[in-house]
Amino acid sequence: MSFPSLGLSPALLLGVNDKAYVKPTPIQLAAIPAALQGRDVLGSAQTGTGKTVAFALPLLQLLEVKPMIGVRRPRALVVVPTRELSTQVGEEIRSLGAHLSPALKVSIVFGGVSINPQLLRLRGGTDIVVATPGRLLDLVAHNALDLSFVEMLVLDEADRLLDLGFAEELARILALLPAARQNLFFSATFPPAVQTLAQQLLRDPLRVTVTPEPLSEPDIAQRAIAVDAPNRTQLLRHLIQQNHWSRVLVFVATSHGAEMIADKLRKARINAEPFHGQLSQGKRSQVLADFKASRVKVVIATDVAARGLDIALLPVVVNYDLPRSALDYTHRIGRTGRAGESGVAISFVSAESQAHFHLIEKRQRLNLPLEQIAGFEPTPTSSPVAAAGGGIKGKRPSKKDKLRAALSLRA
Ligand code: AMP
């Protein structure tokens with residue numbers, strides 16, 4: 001099956017061609033024709049499955065075939081949990097719709113930055129809004145957006161939206177939308193709260209489930225290295241230098257850890273930057289842009305960067321602190337090996353975090369040999385220095401963890 005057989009317009013096929021997408025992924029094959037017929041869709045899919053394109057193309061086609069006459073008001077709304085995702089999704093929609101004539105205006109709005117430029121950009125109207133929930137409501141409160149003409153709603157990463165405590169904002173947004181509309185709903189997991197939301201929202205949806213593994217079958221070599229917790233920064237430095245890694249994403253448990261390790265690497269003349277929820281949005285965007293442009297070699301990030309980020313040519317991901325859950329592990333390592341490239345995911349395992357690592361391995365059905373690196377062999381009776389932050393907590397984030405994550409994201 002090819003893109004032209006899905007019923008897409010010639011202008012959108014040109015957009016697909018520009019992106020060099022040759023074959024639709026399974027979620028695109030299933031969701032696009034149904035959505036083009038106006039059906040609601042319930043997609044059970046993670047990032048890496050091509051879900052963004054699966055909703056972006058029907059959304060663009062809906063607006064292309066039914067052009068708005070008169071004042072421009074948003075007719076498609078995509079709600080996403082994070083700023084990074086809003087930018088990624090908005091840009092994907094823009095590039096896929098680049099050949100539409102008349103052009104559609106795509107507005108990307110998120111919190112953590114001044115509202116004024118966003119207010120200005122919304123003057124004169126917009127066709128498609130990609131937004132995080134809080135800022136969307138702020139813009140409505142400023143009379144910059146009128147959601148009463150929305151014909152298509154996309155909820156992307158619904159589980160994460162609820163995890164981050166956006167249930168109330170979502171309810172308020174839904175109350176502003178017309179009842180007659182098409183809904184596309186995507187989530188990686190379906191805990192009861194997500195199921196309830198889906199039931200409230202969707203009418204006779206087409207259910208599409210794609211296997212948990214990303215469909216591009218990423219080629220990710222997973223490794224585990226035994227090391228005493230206090231020696232991890234030195235080991236990281238050693239690995240970066242020995243292997244001549246061009247670009248490395250390192251995950252840590254806390255913002256403080258990210259700052260500290262980046263600082264130490266910089267002192268060793270390795271170009272490293274922290275990336276976490278307490279940085280301003282401007283700084284976060286700058287770090288990502290520098291990383292993508294190879295101006296920064298190492299990014300030390302909290303789980304803020306674990307989902308959704310799409311960095312081409314990222315050969316290595318390191319779990320300096322282990323993730324809290326097996327699902328977070330999947331998200332973190334999924335940052336490498338994207339779009340058909342190969343990648344390496346390395347986890348540092350100390351005596352204190354070994355039991356937790358075995359839990360992750362069990363859930364992932366992995367059994368990795370615990371490697372040792374010459375000069376960094378763990379001492380047989382290593383001192384019980386706890387790995388920084390939440391690396392060895394239980395497998396599920398606590399309420400406090402979720403709140404903290406939400407606050408840091410919205411900070
Ligand atoms: P997503 O699941 O939306 O996060 O997409 C994951 C990655 O797959 C992104 O880098 C997309 O550019 C890419 N992608 C989406 N659809 C296709 C396709 N049909 N063929 C190849 N790559 C794709």
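A residue counts as buried when its relative accessible area is under 20%. Keep that cut-off in mind, and remember that this is a predicted model.

**Stop 1: Phe185 and Phe190**

Select Phe185. Its relative accessible area is 0%, so Phe185 is buried. Look at the two rings together. The centres of Phe185 and Phe190 are 6.4 Å apart and the planes meet at 35°, so this pair is tilted.

**Stop 2: Phe55 and Phe186**

The count of aromatic pairs comes to three. One of them joins Phe55 and Phe186: with centres 5.5 Å apart and planes at 50°, the pair is tilted. Where do Phe55 and Phe186 sit in the chain? Phe55 is in helix 3 (residues 51–65), and Phe186 is in strand 6 (residues 182–187). They are 131 residues apart, so to speak of the pair is to link distant parts of the chain. Both Phe55 and Phe186 are buried.

**Stop 3: the largest nonpolar core**

Nonpolar side chains tend to be buried together in soluble globular proteins. Select Leu57, Leu59, Val78, Ile93 and Ile128. These have the most contacts inside the largest nonpolar core, which has 39 residues. Several elements each supply at least two residues of this core, among them helix 1 (10–18), helix 2 (26–36), strand 2 (76–79) and strand 4 (128–131). Which helix gives the most to this core? Helix 3 does, with nine residues.

Zoom in on Leu59. Setting aside neighbours within four places in sequence, Leu59 is in contact with Ala76, Val78, Ile93, Ile128, Met152 and Val154. Then look for a second, separate core of 33 residues. Val79, Val109, Val150 and Ile173 are included in that second core.

**Stop 4: Ser86**

Select Ser86, in helix 4. Is Ser86 buried or exposed? With a relative accessible area of 0%, Ser86 is buried. Not counting residues up to four places away in sequence, Ser86 touches Val80, Ile108, Val109, Phe110 and Val130.

**Stop 5: helix 10**

Select residues 232–243, the twelve residues of helix 10. At 1.5 Å a residue, helix 10 should span 16 Å; its end C-alpha atoms are 16 Å apart, which agrees.

Colour the buried residues of helix 10: Arg232, Thr233, Leu235, Leu236, Leu239 and Ile240. Look down the axis of helix 10. The buried residues fall within an arc of 160°, so they line one face of the helix. The face turned away from that buried side carries the exposed residues Gln234 and Gln242.

What covers the buried residues of helix 10? The cover includes strand 8 (219–226), strand 9 (248–251), helix 11 (255–267), strand 11 (298–301), strand 12 (316–319) and strand 13 (342–349). Step past the end of helix 10 to His244, whose phi is positive, near 50°.

**Last stop: the whole chain**

Zoom out. The protein chain has 15 helices and 14 strands. Of its 411 residues, 53% are buried. Among contacts with a separation of 6 or more, 76% are between residues 24 or more positions apart. The protein chain exposes about 18100 Å², and carbon and sulfur atoms supply 54% of that.

Key. Residues numbered from 1 in each chain as written. Predicted model: local features only at pLDDT ≥ 70, side-chain atom pairs only at ≥ 80, totals over all residues. Heavy atoms only, no water. Helix = DSSP H or I, 4+ residues; strand = E, 2+ residues; numbered from the N terminus. Expected span 1.5 Å × (residues − 1). Buried < 20%, exposed > 50% of the residue type's maximum accessible area, 1.4 Å probe, protein only. Arc of directions from axis to C-beta. Contact = heavy atoms within 4.5 Å. Phe/Tyr/Trp six-rings, centres within 6.5 Å; stacked < 30°, edge-to-face > 60°. Core = buried A, V, L, I, M, F, W, Y, C linked by side-chain atoms within 4.5 Å. Areas by Shrake-Rupley, 256 points an atom, 1.4 Å probe, with all protein chains shown as cover.
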